[in-house]
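Here is a walk through a structure, taken step by step. Keep the sequence and the 3D view at hand.

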Amino acid sequence: MMGLLALVVAMPIIVVMLSWLLPEHELWTHFSENLLSSLISSTGILLLGVGVGVTLLGTVLAYLVVMVEFPGRKWLEWALFLPFAIPAYVLAFVYLGVFDYSGYAQVWMREVLGLPGFDIRAGSWAIILTFLLVFYPYVYMMTRASFKRQKINMIEAGKLLGAGPFKVFFKISLPLARPAAAAGLLVTLMETLADFGVVSLFNYDTFTTAIYSAWGDFRSIEVAAQLASLLVLVAFFLIYFEKKARGQAKYYSANVSTIRPYHPKGSVAWLITLFVFGVFMLSFAMPMLQLVIWAWGAFADEWSANYIDLLISTSSLTIIAAMITVIIATMLALPGRCKRGSIWLKGMVRLATLGYALPGSVMAVGLLYGINQISVINIYFGGESINHIIYGSILLLLFAYVSRFMAIAYSSIDASAQQIKPVFTQTARLLGASRMRLIWQVYLPMMMPGILAGGLLVAVDVMKELPATYLLRPFGWDTLAIQTFELSAEGLFERAAVPALMMVAFGALIMMVFRYLDKKSSKAS
Amino acid sequence: MNSKTWISTIIMLSVVWVSSMSAVQAASDESVTVYSSRKEHLIKPLFQAFTQDTGVKVKYLTGKGGALIERLKLEGVNTPADMFMTVDAGNLWYAGSQDLFQSVKTDTIKNNIPAHLRDPQGLWTGLSVRARTIVYSTDRVKPSELSTYADLALPKWKNRLCLRTSKKIYTKSLTASVIYNQGKDKAGDIISGWVNNLAATPNAKDSHVMNAILAGQCDVGLVNTYYYGRLIEKNPDLALKLFWANQKTTGVHVNISGAGVTKHASNVAGATRLLEWLSSDKAQTIYGSLNKEYPANQNVAADKVVSAWGVFKQDKMNLSQAGILQADAVKLMQIKGYR
């Protein structure tokens, strides 16, 4: 049953993999002779830089806000989540507007400081920094939750044995937070692999460049799908290594009590504030300010009643897709699934969570082709094509979201399910609780933090999603992301800032709801 | 079980809501349905004016050209689309080659749109024209130094050139025209020369190219005329000018945006009427003023900003060549390292 559910979710990925049944040689020869080696190395550099950077930045920030007392800690702890609400391509857009040769930061550097100008898009450091500032919240979010739930007695014991804050961090906190950091890193790397918006703004060639070239330039959807299936393979290995890195260790949480944070000396504390605040400035406040400046002048031109429609469709899609995804992910992650056939189930779940590494439009086309195959089979048995009923229906779009974002919901929910000690199950069973009661009264309440976090991540991602929405949406279901893209693609940045700001505001709203629920659930447990 | 009932109520409600939403699909027979890769803010005013004139409603869905073509193909006979509208001759040619259009040859269209901007078999019709030409800094470049696209490959422009990315369809069509006019070998040398002369990584957008020239990162570039038109309309005093390339040789490379009636349109009469209306004087004037493009209809004067640039000699290459040679163009640029 659960296996079938996972199989349905995995459908677009399977269709993409099946493209290998249609070999095409000529284009592969051209690609392998002229593109692939440089693409693989540039993708590798990007993944390495982003991976190392995100892990360091996310973990350090999380450790600081949980374990160290510094001025402004309370609000910065939440402010650091805010960059989630900004779509990566919007952030890239703003950074280029400010830091590119013609951006005012560089103009100021040249004219006031007399420094030479430079091409910010040459090499890979600028794009790595951009991804870093967009994606650090994934690692931050997961490790923060982990630090909060770490065993106090281990940390207290470390302190008693004379370990300083650095030693506690490296010897106790970090190893304990490893699974959380790895989960955040995994999501980051998959999203970096699938990205097309940021890399095309920087004109940085990655593997997705070849996918779009095969499709857009050479009109070969087959080779595009074959290349995309290689991304799925990379994602598979990343997940494998993450599981390997996690090892057999189980990290059951102890009873949570408040950790006593370190109180560093005044100047050190202010330095920490400066650092954390600097990250917040660069990743959120500065881009927001730029967007507001752009939107200010263009608001009168751009604003119309149409935006009410955009807001309604964006929020409906976001809420419904997040709910469906979370419900399915929870069903798949519930502990104590039947043991028989569990390899099949594990395999299916693994497959269903690989979609995140696929570029959105490849996944969307995979979905269209999958539906078309069902039609072909239906016609073969004397039925009719179902394409025109399914295509352009909201169900298909929701299906695409569920398929694409299953990975983030599942990894977050699964992590919280892993923390349920077997003793709870055993006790409940001994007391004669039915499976349904066990789920409702034991599992779900204990998994609630993971479910909420997963729901938040999916909601924000659905809100920002562009390529699949662009291709699959029904008539009249334009979203804020589409409006932002259409205007910025025509070079109308000022007007594009209006829907972009609305997206950020909506994302911030989602996060406030999350914060409220998160507080409530941690009080309850 | 408070939360339990709460959750299940929400689920039930959303299921009902979703299914009701999908049922709203059915449209009235009167309306025309358009798939368009031309952006919403550029087509909406046109369709509104059409509805005002004729009473016929237009439903539209915007998207990326390649993705919409894929959707049209898979929808086959059941497609809701009566018309497909896109930018770039290469895209139109490709949609035609995939058997997605039907032939429409009416006198109105023949009278309004010159033959070289239409498909010979009537599969698609060009509706607006844009030129891709040289833009230069009036501070650092004299117009007498400029001549052709190929000239920008000469060493005198070393570190002075900015280009848009080779991934953009307009670059591909321009390169296709260079291959068509000069042959593959010569075109390869020209592309290598361009790449050697670049002052910066190729830009994602034409507007970035112009910003880079204004900021002094480079001195010359290639852009579509309407991007320049939009910029100069806002800031008339910029130290930036257009130069008509190849006037003594093959002429400036022009491209079109256009549309065709889909092969399996359910409202052929309505779609044909819309196409005819889009080629009319009124629609062509809106086209020109909305986006600073040249009207495809030769009876219509260009927008004030646009006509100030003067007349120029156009490249007479048949525009379907842009589609036919596109794969060669991309291969060549990828081999020569033009990102």
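Which residues in α10(A) meet A407(A), I408(A), S411(A) and A415(A) in α19(A)? They are A183(A), L186(A), V187(A) and M190(A). Bear in mind throughout that this is a predicted model.

Now look at the two helices as a pair. Helix α10 of chain A covers residues 165–194, and helix α19 of chain A covers residues 394–418. Their axes come within 11 Å and cross at roughly 175°. Angles over 145 degrees count as roughly antiparallel. α10(A) and α19(A) are therefore roughly antiparallel to each other. The residues of this contact divide into 7 nonpolar, 1 polar and no charged.

M190(A) leads on to the core. The largest nonpolar core has 274 residues. M190(A) and M83(B) touch the most other members. The element that gives the most to this core is α19(A), with 17 residues. Chain B takes part as well: the core draws at least three residues from each of domain 1 and domain 2 of that chain.

Follow M83(B) next. Leaving out residues up to four places away in sequence, M83(B) touches V32(B), V34(B), A259(B), V261(B), T262(B), A271(B), L274(B) and L275(B).

Step back to the two chains. Here 44 residues of chain A are in contact with 45 residues of chain B. On the side of chain A that touches chain B, the residues divide into 21 nonpolar, 16 polar and 7 charged.

Now take chain B as a whole. Its secondary structure comes to 14 helices and 9 strands. Its C-alpha atoms fill a box of roughly 75 × 60 × 40 Å along the principal axes. Of the 339 residues in chain B, 52% are buried. Consider the contacts in chain B with a separation of 6 or more: residues 24 or more positions apart account for 78% of them.

How is chain B divided? The domain assignment gives domain 1 (31–129 + 254–307) and domain 2 (130–252 + 314–335). Taken over C-alpha atoms, 27 Å separate the centres of these domains. Their contact takes 18 residues from domain 1 of chain B and 23 residues from domain 2 of chain B. On the domain 1 side, α4 (89–97), β4 (125–137), β8 (253–261) and α12 (304–307) of chain B each supply at least two residues. α4(B) gives the most to that side, with 5 residues. The residues of that side divide into 9 nonpolar, 6 polar and 3 charged.

Helix α11 of chain B spans residues 281–291. Within this helix, A283(B), Q284(B), I286(B), Y287(B), G288(B) and N291(B) are buried. What do the buried residues of α11(B) pack against? Their partners are α2 (40–54), β4, α9 (225–234), α10 (268–278), β9 (294–295) and α12 of chain B. Just after α11(B), K292(B) takes a positive phi of about 55°.

End in a loop. N159(B) lies between β4 and β5 (161–162) of chain B. Is N159(B) buried or exposed? N159(B) has 12 C-beta neighbours inside 10 Å, so N159(B) counts as exposed. Leaving aside neighbours within four places in sequence, N159(B) is in contact with N197(B) and A199(B). N159(B) and D219(B) are 60 residues apart in sequence, and 8.7 Å apart in space, C-alpha to C-alpha.

Notes:
Residues numbered from 1 in each chain as written. Chains lettered and ligands numbered in written order. Predicted model: local features only at pLDDT ≥ 70, side-chain atom pairs only at ≥ 80, totals over all residues. Axes fitted to C-alpha atoms, helices over the stretch in contact; angles between N-to-C directions. Helix = DSSP H or I, 4+ residues; strand = E, 2+ residues; numbered from the N terminus. Parallel < 35°, antiparallel > 145°, perpendicular 65-115°, else oblique. Contact = placed C-beta atoms within 7 Å. Nonpolar A, V, L, I, M, F, W, Y, C, P; charged D, E, K, R; others polar. Core = buried A, V, L, I, M, F, W, Y, C linked by C-beta atoms within 7 Å. Buried ≥ 20, exposed ≤ 12 C-beta atoms within 10 Å, placed from the backbone. Domains from an automatic or database assignment.
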